[in-house]
Amino acid sequence: QVQLVESGGCSVQPGGSLRLSCAASGRIFSISDMGWYRQSPGKERELVATITSDGSANYADSVKGRCTISRDNAKSAVYLQMNSLKADDTDVYYCNAGVRSAYVGPFRGYWGQGTQVTVSS
């Protein structure tokens, strides 16, 4: 079993910043891509940013220049620094990771439980 636990979601004012964290635990042999996604009620989950195991990052156009994704492979953790937050950034943010639990075998995708980010004055 693999668990992803997010933290750092909170209420902030427009223009503010926050940092989301996600740590993976359990039967982990290796982790491939990690990422952050977000979802509003009634809408599909959308990509915010992803990062490969060697640190290559990819961002949604809506957050480019305002967000930075990073990871600590030793801690099986991924982070999302969010700056210049807007009301449109209000969502539940989910962590995702591709995890292999043995020396051989497929990578499987796991999701965290989500953390709420609210941007409001």
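**Strands, hairpins and a surface patch**

A word on the source. This is a predicted model, where local features need pLDDT of at least 70, side-chain atom pairs count only at pLDDT 80 or more, and totals for chains, interfaces and linings use all residues. Residues are numbered from 1 along each chain as its sequence is written, and side-chain values use heavy atoms, with hydrogens and water left out.

Strands here are DSSP runs of at least two residues, numbered from the N terminus. Two strands pair if DSSP finds at least two bridges between them.

Strand E4 covers residues 30–39, and five bridges join E4 to E5. The two run antiparallel. They form a hairpin with six residues between them. In the turn, Gly42 has a positive phi of about 80°.

Next, E5 and E6. Three bridges, antiparallel again. Ala49 stands opposite Tyr59 in E6. This hairpin has five residues between the strands, and Gly55 takes a positive phi near 95°.

Ser56 sits in that loop, between strand E5 (46–51) and strand E6 (57–59). The cut-offs: buried is under 20%, exposed is over 50%, partly exposed is in between, with a 1.4 Å probe and protein chains only. Leaving out residues up to four places away in sequence, Ser56 touches Thr50 and Ile51. Contact means heavy atoms within 4.5 Å. Asp33 is 23 residues from Ser56 along the chain, and their C-alpha atoms are separated by 9.4 Å.

Now the open sheet. Four strands, in the order E1-E3-E8-E7, with antiparallel pairing. The edge strands are E1 (2–7) and E7 (67–72), each pairing on one side only. From one strand to the next, the twist averages 15°. That angle is between axes, lines fitted to C-alpha atoms, and runs from 0 to 180 degrees between N-to-C directions. E1 pairs with E3 (residues 18–26) over six bridges. There, Glu6 stands opposite Cys22 in E3.

Last, the surface. Val104 lies in the loop between strand E9 (91–100) and strand E10 (108–111). Val104 counts as exposed because its relative accessible area is 61%. Which residues form a nonpolar patch with Val104? Phe29 and Tyr103. Together the three have about 380 Å² of accessible area, by the Shrake-Rupley method with a 1.4 Å probe. Patch members have over 30% relative accessible area and no salt bridge, and nonpolar side chains are joined within 5 Å. A salt bridge is a side-chain nitrogen of Lys or Arg within 4 Å of a carboxyl oxygen of Asp or Glu.

How values were computed. Patch = residues over 30% accessible without salt bridge, like charges linked within 9 Å, V, L, I, M, F, W, Y side chains within 5 Å.
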